[in-house]
Amino acid sequence: MIGYEQALALILGDAPSQAIEAVALDQAAGRVLAAAVSSAVALPGFDNSAMDGFAVATAGRCLPTGHEIDVVGAQAAGDGRVASDCGAFEIMTGARLPYGLDSV
């Protein structure tokens, strides 16, 4: 058995190098980027949920075990901004975090 570094060197040694070329976006399907691309602005431009769950207000503190909060609404990806001064919202991945809530 060979180690990772040796295996990688063997693979890269046999892999043909490709020339870098610029193509129009509509011609880019099936191609691989030659360099990383990053955005000059944070996207999306709002706080959003990275997972399905329940959005709640914690003010940065841990909620005690067994703490119960009424679910007062739902927020799906693509929904407009809503506010909540009490309760929790069922929330989908990618959905905008309701104003006043800070944790999922």
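A residue is called buried when its relative accessible area is under 20%, exposed when it is over 50%, and partly exposed in between, using a 1.4 Å probe and the protein chains only. By that rule, 13% of the 104 residues in this protein chain are buried.

Before going on, the ground rules. This is a predicted model, where local features need pLDDT of at least 70 and side-chain atom pairs count only at pLDDT 80 or more, while totals for chains, interfaces and linings use all residues. Residues are numbered from 1 along each chain as its sequence is written, and side-chain values use heavy atoms, with hydrogens and water left out.

Now the overall shape. The radius of gyration, taken over C-alpha atoms, is 23 Å. A compact globule of 104 residues would be near 13 Å, by a rule of 2.2 Å times the number of residues to the power 0.38. Along the principal axes, the C-alpha atoms fill a box of roughly 60 × 45 × 20 Å. The accessible surface, from the Shrake-Rupley method with a 1.4 Å probe, comes to about 8400 Å², and 57% of it belongs to carbon and sulfur atoms.

Next, the elements. The chain has 1 helix and 3 strands, in the order α-β-β-β from the N terminus. Contact means heavy atoms within 4.5 Å. Of the contacts with a separation of 6 or more, 47% are between residues 24 or more positions apart.

Two places in the backbone deserve a look. What is the peptide bond from Leu 43 to Pro 44, cis or trans? It is cis, with omega near -5 degrees. Pro 44 sits in the loop between α1 (4–14) and β1 (53–55). Pro 44 counts as partly exposed because its relative accessibility is 35%. Its C-alpha atom is separated by 18 Å from that of Ala 55, 11 residues apart along the chain.

Ala 59 is not a glycine, yet its phi is positive, about 55 degrees. With 66% relative accessibility, Ala 59 counts as exposed. For background, most residues other than glycine have a negative phi, and most peptide bonds are trans.

Terms used:
Helix = DSSP H or I, 4+ residues; strand = E, 2+ residues; numbered from the N terminus.
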